[in-house]
Amino acid sequence: MEKLLNVIGTSDAGCGTCHSSGCATCGPAPRVAEAPAVLSRRDLGRAVLAASAGALLSGCSPQSGATGQPPSTAAAQPTAAAGPAPPALSPDLAVVQKTKGPIITVLDEFYKMGPGPSSSHTMGPMRITYDFFQRVSKLPDDQLKRATALKVHLYGSLSATGKGHGTDRASLAGLLGKAPATCPPEFLDALAANPDEVHKVTLGPTTLSLTLKDIIFDATKGDFHHPNTMTAKLLAGNETVYELEYYSVGGGFIEWKGYKPPDKGQPKYPFSHAKDLKKFIIDDKIPLAKLLLENEMAISGKSEKQIREFLDQVADVMVRGVDTGLRVESVLPGPIKLHSKAASLQRNLKTSAKGEAGRAITQVAAYGFAMGEENARGHIIVTAPTAGSAGIIPAVLKSLRDLKVPNENIQDGFLAAAAIGYLCKHNATLSGAEGGCQAEVGVGSSMGAAMIAQALGAAPKVVSNAAESALEHHLGMTCDPVAGYVQVPCIERCAYGAVKAWTAYCIASEEIPEERRVDLDTTIAAMALTAKEMNTKYKETSEGGLAVSLVLC
Ligand code: SF4
């Protein structure tokens, strides 16, 4: 259900911290607004998903037009798991308008740096509480003087799986004023190691005491506006001084009740589907990287130099993470007692008798494991598109660097990867809690395939086909993290996602591009519909799949 609010806010941030124009950093705090009364929150979610899928289908693929059949006739039939048919949506709802507008997401909203292990359950909640900290810091002194406590309530998936993700310590860190992009991982480790420790936070004239107990694991089931809902409160005894309901909508993006997408510049080359990109790139002969750079400059107001420097910073964080992960061997935090594998894969590479193909695959997999394991340790990662899938693009990056691909080509590859992520975010979802693992590792692999193709100078159609192929072969993949930890199956899936990205590129670069029968828009539409119909047990609840069948001793 990320899309329902994400769609509501393909949001597009002002300050880069809040993913909005309304946080305490970049603008005034919005007033809390009520959800539309005509729909229950869950109905609204279903309706939004249906709306986004419907929007995709209306931009139907050439194949479906040729056969006279919709891409999926089954998709039109709601399953028992999906519940009753959604109500019609008012055309003035933001979600409906959003599906019609061009993509205006920018790079620093998409590639977000911060602590793992989960973009929706760690980075998002920390950004939320940091946003709340900034808001309450700016309240008038007379209100702050009365304050006695800060409390955060976690609901839905955040409550069901938050323990395993470290949602509580990430939330506490943000509430204590630690910025997600720069918070040392050691600080987070210490919060977990000393759960009863009392921490002080100063808000204007008042200093409050906080512990992990102020982060409350509340109801796991209910009529929530989003599966990842949380409320933050500033209290004066039993009285609430200030309260805001937030949503961690996937990929580290956050929204809140009454959220309105911020004002931004308009893209020079507006697109919302791959077919729009095709027109600019193939018909008008505008190179993909140039198109994306010019859009980024028009929307964000940044120069090309600033944009390329940001991409270098992203690459540096990724490479540092992989290199650390290749060195460190440890049992990862949590009850699974999972031993890390990246270092041993790397160590044994030179002596293995797997042959050239086996060694190449093992190398890419080792890179994927390395960053996935760093994520599991709660160290700094980059969402690409999420934390659970954060090992894929670094593995692709490292393997491109091994090939001595020029840095500018790698930057262009990052741009192509972002374009794929934007399309999936805009037209489907990036959230495991909304769409299963296809939305995280599937999208990450698709981005990786596009990045490889772009960096190696492939034709635009090959870039698109590679992305399509990688996504196609993740469709339907469920999210079922064992014990609620982003470890099994997540880490190994990053390795597979990176290998599949290379596989997709290798196939796409050898086939006749125009003869590929499935186009990228069609596959993204299929992902949206699959997400809509997927049983909620397989959406990051740890109530199905491996999370149930694997018995931990
Ligand atoms: S199973 Fe996939 S979607 Fe779910 S937490 Fe792991 S990486 Fe994310």
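In this predicted model, D218 sits in the loop that joins β5 (215–217) to β6 (229–236). Its relative accessibility is 30%, so D218 counts as partly exposed. Beyond its neighbours within four places in sequence, D218 is in contact with H153, L154, Y155 and S159. D218 and M230 are 12 residues apart in sequence, and their C-alpha atoms are 9.0 Å apart in space.

Y111, leaving aside neighbours within four places in sequence, is in contact with F310, L311, V314, V382, T383, A384, F414, A417, A418 and M447.

The remaining topic is a helix pair. Helix α19 (residues 441–455) packs on helix α20 (residues 460–472) at an angle of about 155°, with the axes 7 Å apart. Angles over 145 degrees count as roughly antiparallel, and α19 is therefore roughly antiparallel to α20. The crossing of the two helices is right-handed. The residues that make the contact are tabulated below by helix.

| Helix | Residues in the contact |
|---|---|
| α19 | G442, V443, S445, S446, A449, A450, A453, Q454 |
| α20 | V462, V463, A466, A467, E468, A470, L471 |

By class, the contact of α19 with α20 comprises 10 nonpolar, 4 polar and 1 charged residues.

Terms used. Residues are numbered from 1 along each chain as its sequence is written. This is a predicted model: local features need pLDDT of at least 70, side-chain atom pairs count only at pLDDT 80 or more; totals for chains, interfaces and linings use all residues. Side-chain values use heavy atoms; hydrogens and water are left out. Axes are lines fitted to C-alpha atoms, for helices over the stretch in contact, and angles run from 0 to 180 degrees between N-to-C directions. Helices (H or I, at least four residues) and strands (E, at least two) are DSSP runs, numbered from the N terminus. Angles under 35 degrees count as roughly parallel, over 145 as roughly antiparallel, 65 to 115 as roughly perpendicular and the rest as oblique. A crossing is left-handed if the near helix is turned anticlockwise from the far one by less than a right angle, and right-handed if clockwise. Contact means heavy atoms within 4.5 Å. Ala, Val, Leu, Ile, Met, Phe, Trp, Tyr, Cys and Pro count as nonpolar, Asp, Glu, Lys and Arg as charged, and the others, Gly among them, as polar. Buried means under 20% relative accessible area, exposed over 50%, partly exposed in between (1.4 Å probe, protein chains only).
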